[in-house]
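Subject: A structure for you to look at

Hello,

Here is the structure I promised to pass on. Please open it beside this email, and then read on for what was found in it.

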Amino acid sequence: GNARGWLFICRPLDVPETDRARLSLSLEYRTSCALDKAPYERSGVMHAVAMSVATWEALAATPGDATVWNAGRSAGDMMSVLIHPQKSDVPDWTESGVIELGELPQALRGTTIMCGIAWGGWHFGTEERGGFRNLDVSVRTAEELKWEFWEALDLSRPELAAVRTAVEGRDEDAAERALATFYRAREEPVPASPIGAASSRVLARADETCEHTYRIAGCSPYTFPDGIVWNHDPFNYNQWPIHLNRHYEWTVLAAAYLKTDDLKYVDEWQRQLLDWVAEGPISIAPRWIQGPYNQVGRIPLSLDAGIRMGQSWFRVFDVFRRVESVSDNAIVTFVRSCYQHARYLMQEQNFKEGSNWGAMESNGLFHIGVLLPEFRDAQTWRDTAVSRTHSELNGQVYPDGAQTE
C-alpha cells in the first residue's frame with residue numbers, strides 16, 4: 001500500500017468458546033521520524049491487530065516476500081484498529097488507553113489467535129523508529145459484556161445509589177428502572193437550542209413522518225410502504241439513506257408534541273429509536289456503515305454519529321424523557337447508544353481531521369461528555385473533543401480568517 005513497510009509483532013492468545021467475545025488491548029508506545037521536510041506528515045503509523053494463526057503464518061517473513069496490506073480494509077480473519085496515525089512524533093513512552101478491536105468473528109472463538117501491533121514506516125532514506133511495551137490483551141465474554149455499560153457509569157455518585165445497588169446485585173431489570181427514573185427526574189444539564197412548539201408547516205411534516213413519508217436530500221417525497229428500512233435508497237442516491245440516519249425528523253416529532261400534546265408523536269419517536277438501535281449496524285451502498293460501529297471493508301459514517309449526538313438526539317430526548325408512555329427500556333436504550341457513540345467517536349481511526357467531518361465528530365463527542373456527566377469517562381470525552389476542535393481550528397482556518405475544508 002502507501003507504506004514503505006509493515007512490521008507485525010504479535011503473540012498467541014487462547015480465546016474461550018463463548019456466544020460473544022470482544023477483544024481489547026492496551027500498551028505503552030513511542031514512535032518518531034527524522035523527516036523534516038514540509039508539508040509532509042511525519043511517520044510512525046501504529047495499529048492494533050489480531051488474526052488467526054493461519055493468517056499469521058501466511059505473512060511474509062522477509063522483505064522480499066512481502067505483499068500489500070491495506071490497514072483500512074483488513075479482510076477475512078484479520079482485525080485492525082488505528083492507535084497512532086501518520087502525524088506528530090511520540091518521543092516519550094505514552095499510554096494508549098484501552099484499544100477496542102471489536103467483537104471476534106465466530107470462526108475465531110474457541111481458537112488460538114495472534115494479537116499485537118503492526119507498525120508502518122513510510123519514508124525512504126529517513127530513519128524511523130517505533131517501540132512498544134507492557135502489552136496487555138484481554139477478552140470479554142458475553143456475561144462480562146452484559147454489564148459493561150452499567151460499569152461505565154460513575155456509580156459512586158450519590159444520585160445513582162439505586163443503580164449501584166441493582167448493579168451490585170446483578171439485577172439488570174432493577175438497574176434499568178433506577179436509571180430511567182433518574183433520567184426522567186434529572187433537571188440538568190440540558191441541551192442548548194431547545195426545541196420549540198411546531199409551526200403549521202412543521203406539524204404537517206411531523207404527520208408525514210408518522211406515516212413514514214420523508215422529504216430529504218433534495219428529493220421528492222417518498223413513503224415507506226411497510227415500515228422504515230434504514231438503508232433503503234429509493235432514488236439510487238446514497239445521500240438519501242445517509243440523511244435518513246441523521247434523524248432530523250425526530251426534532252419535528254418533538255416540536256409537534258410540544259404543540260399538541262398528542263402522544264402519537266412520542267410513540268413514533270420511541271418506535272423509531274428502538275428499531276434503529278436494534279437494526280444496527282446499517283450498511284449503506286457498497287462503502288458505508290452507519291451507527292456506532294466499525295465493519296471490515298466499510299467506511300464508518302462518523303460524521304453522522306457526530307451530527308446525531310450534536311444536533312438531533314439530545315434535543316429530542318429532553319422533550320420526551322418525562323413522558324409517561326416512554327418506557328424505561330427506551331430511556332436506557334437511548335443512553336446506552338449515546339455511550340456507544342462516545343466510544344466510537346473516541347477511536348482515533350474514526351476521527352477525520354482536516355474536514356467538516358472532524359468538526360462535527362468533535363461537536364458530537366463534546367455534547368455526550370457534557371450532557372451525560374454520569375459516565376466515568378465523560379471528562380475524557382470533553383477533553384478529547386476540545387483538543388481535536390482546537391487542532392481543527394488551527395489546521396482549517398487561515399490567519400486572515402478564511403477557512404477551507
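Let's begin with a definition: two strands pair if DSSP finds at least two bridges between them. Helices (H or I, at least four residues) and strands (E, at least two) are themselves DSSP runs, numbered from the N terminus. This is a predicted model, in which local features need pLDDT of at least 70 and side-chain atom pairs count only at pLDDT 80 or more, while totals for chains, interfaces and linings use all residues. Residues are numbered from 1 along each chain as its sequence is written, and side-chain values use heavy atoms, with hydrogens and water left out.

**The sheet**

Look for an open sheet made of three strands, in the order β11-β12-β13, with mixed pairing. The edges are taken by β11 (282–284) and β13 (299–300), each with a single partner strand, so one side of each has no neighbour in the sheet. Strand β12 (residues 288–290) pairs with β11 in the antiparallel sense, over three bridges. Within that pairing, I284 stands opposite W288 in β12.

**The salt bridges**

A salt bridge here is a side-chain nitrogen of Lys or Arg within 4 Å of a carboxyl oxygen of Asp or Glu. By this rule, the count comes to 19 salt bridges. I also mention burial below: buried means under 20% relative accessible area, exposed over 50%, and partly exposed in between (1.4 Å probe, protein chains only).

Which parts does the salt bridge between E148 and R343 tie together? The two side chains meet at 3.9 Å, N to O. E148 lies in helix α3 (residues 148–152) and R343 in helix α11 (residues 328–346), so the pair ties together parts that are 195 residues apart in sequence. E148 counts as buried, at 10% relative accessibility, whereas R343 counts as partly exposed, at 24%. Both belong to a network of salt bridges that also links R22, E100, R140, E151 and R170.

Another salt bridge joins the side chains of D304 and R246 (2.7 Å, N to O). This pair links distant parts of the chain, 58 residues apart: D304 is in helix α10 (residues 302–320), and R246 is in the loop between α7 (239–244) and α8 (248–260). D304 is buried, with a relative accessible area of 0%, and R246 is buried too, at 10%.

E268 counts as buried, at 3% relative accessibility.

Happy exploring!
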